[in-house]
Amino acid sequence: MFFPLSVNLYVMSEELRPGLEGVLVAESELSYIDGEAGKLVYRGYAIEDLAREASYEEVLYLLWHGELPTTAQLERFSDEMATQRSLAPGTMDVVRELADQREEPMAALRTITSSLSAADEDADETAVTDLEANLRKGKRITAKMPTALAAFKRLRDGDGPVDPDPEMDHAENFLYMLNGEVPDAVLSETFDMALVLHADHGLNASTFSAMVTASTLADIHAAVTSAIGTLSGSLHGGANANVMRMLKEVDDSAMNPVDWVDDALDRGERVAGFGHRVYDVKDPRAKILGGKSEELGEAAGDTRWYEMSVAIEEYMAEQKGIPPNVDFYSATTYYQMGIPIDLYTPIFAISRVGGWIAHVLEQYEDNRLIRPRARYVGELDRSYPPLAER
Ligand SMILES: CC(=O)SCCNC(=O)CCNC(=O)[C@H](O)C(C)(C)COP(=O)(O)OP(=O)(O)OC[C@H]1O[C@@H](n2cnc3c(N)ncnc32)[C@H](O)[C@@H]1OP(=O)(O)O
Ligand SMILES: O=C([O-])CC(=O)C(=O)O
């Protein structure tokens, strides 16, 4: 039987779109981005309002359930998250082993997250696409990733892990487990806001990778593990740590930041924290985080990092017309909060996991295998030479 010609033409389109730029592959109700206006919205709510008003738990609820929670719903949801934070002994063994091996933190988080399925009571018993089971699994993964990351950091530094405190919210509890002391309100509010700002961003590369994995009907642990691997690269989430490494290099060189960047551009290098596939203007999250970075600098009586960043931002705008993305000012925000640089990208992951899970739920709800094509440009019809003749 023949397909109608129009179907064949659609399937066999020869248009090449490297990097899938601008290609529509799904419908989503999760986040809206207007790259020309610099606007980001989660389920209809402006990022500026959510950053100012909402906790990370509220945003998770919004992304996963479609509506902001009532007080009672939020309380229940937050309690459920808090009860899921502890790691099973087997997971803690994995964390310990990776810390002993001095594994790179993003690779450690990837491996630990993958291993969470071993102790997940829903992992084997339910269909991969079961919504209720996936909400439970999603909650456990999101609750446990920060515990694992904090324990990994402490163990590699020779300290003992700190147990989660169920009385604290997600952001405060992470800083508490990381540093072993209750953070002050400014730090936990700043961290909570950073989690809100990073929670979702359309079909960014890591989210798309989670969707591709889910589209094969692999489970949610597999999808999140794929996404963590994808986020780690320097063109994506890995850029936030590179921003801070760059600023420290500029500072150590005692060069004018503008001259340093000029030299980097002359060498054909990319400046971390600048440019975006979707935004033509300054990322709305960079505006908010820039303000936070400035505030933290002022509070500490040292605005050096903020000023250096502003000088680079102005120079990049003037020379290249390229604005900063979310990673540019998150770097100095985290640095001034005393967070080690190699944890910045894993911290991105412990927020974005909320978005990954929400997109995976959307994918399962209306699944079709994601499978594009490559145009073959290799040779054809070669005759096979026996091994001895090559
Ligand atoms: C959370 C996130 O993932 S946000 C992004 C984090 N990544 C970074 O900050 C890394 C630095 N930025 C980049 O490499 C890019 O801007 C990306 C990967 C984010 C987007 O890339 P694309 O959409 O593919 O844009 P593309 O690579 O085609 O760049 C367009 C032009 O701008 C230039 N450009 C883009 N970003 C930068 C940059 N950071 N520094 C210098 N030049 C840049 C490119 O060299 C290119 O110029 P050309 O056309 O003269 O060669
Ligand atoms: O959307 C993208 O391409 C990159 C991303 O994850 C973000 O900006 O948060």
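## Helix H6

What covers the buried residues of H6 includes helix H5 (89-100), helix H7 (131-156), helix H11 (220-231) and H17. Helices (H or I, at least four residues) are DSSP runs, as are strands (E, at least two), and numbering starts at the N terminus. This is a predicted model, in which local features need pLDDT of at least 70, side-chain atom pairs count only at pLDDT 80 or more, and totals for chains, interfaces and linings use all residues. Residues are numbered from 1 along each chain as its sequence is written, while chains are lettered from A and ligands numbered from 1 in the order in which they are written.

H6 spans residues 105-115, and eight of its eleven residues are buried, so the helix is largely enclosed by the rest of the structure. Buried means that 20 or more other C-beta atoms lie within 10 Å of the residue's own; exposed means 12 or fewer, partly exposed the range in between, with C-beta atoms placed from the backbone. The buried set consists of Pro105, Met106, Ala108, Leu109, Arg110, Ile112, Thr113 and Ser115.

## Helix H16

In H16 (residues 326-336), eleven of the eleven residues are buried, so this helix is also largely enclosed by the rest of the structure. Its buried residues pack against helix H9 (185-198), helix H12 (239-253), helix H14 (284-300), helix H15 (304-320) and helix H17 (344-365). Gly338, with a positive phi near 80°, follows H16.

## Annotated active site

An unreviewed UniProt entry places the feature "active site" at His276 and Asp327. The two positions are spread over 52 residues of sequence but cluster in space, with a largest C-alpha distance of 10.4 Å. UniProt positions are given in the numbering used here, feature names are shortened, and annotations may be inferred rather than shown by experiment.

His276 lies in the loop between helix H13 (257-266) and H14, and counts as buried because it has 20 C-beta neighbours inside 10 Å. Beyond neighbours within four places in sequence, His276 is in contact (C-beta atoms, placed from the backbone, within 7 Å) with Asp283 and Asn325. Asp327 belongs to helix H16 and is buried, with 28 C-beta neighbours inside 10 Å.

## Ligand surroundings

Around ligand 1 there are 18 residues, of which Ala239, Arg270, Phe274, Gly275 and Arg277 come nearest. A residue is near a molecule or strand if its C-beta atom, placed from the backbone, lies within 6 Å of it. Ligand 2 is surrounded by His201, Gly202, Asn204, Arg277, Val278, Asn325 and Val326.

Conventions: Contact = placed C-beta atoms within 7 Å.
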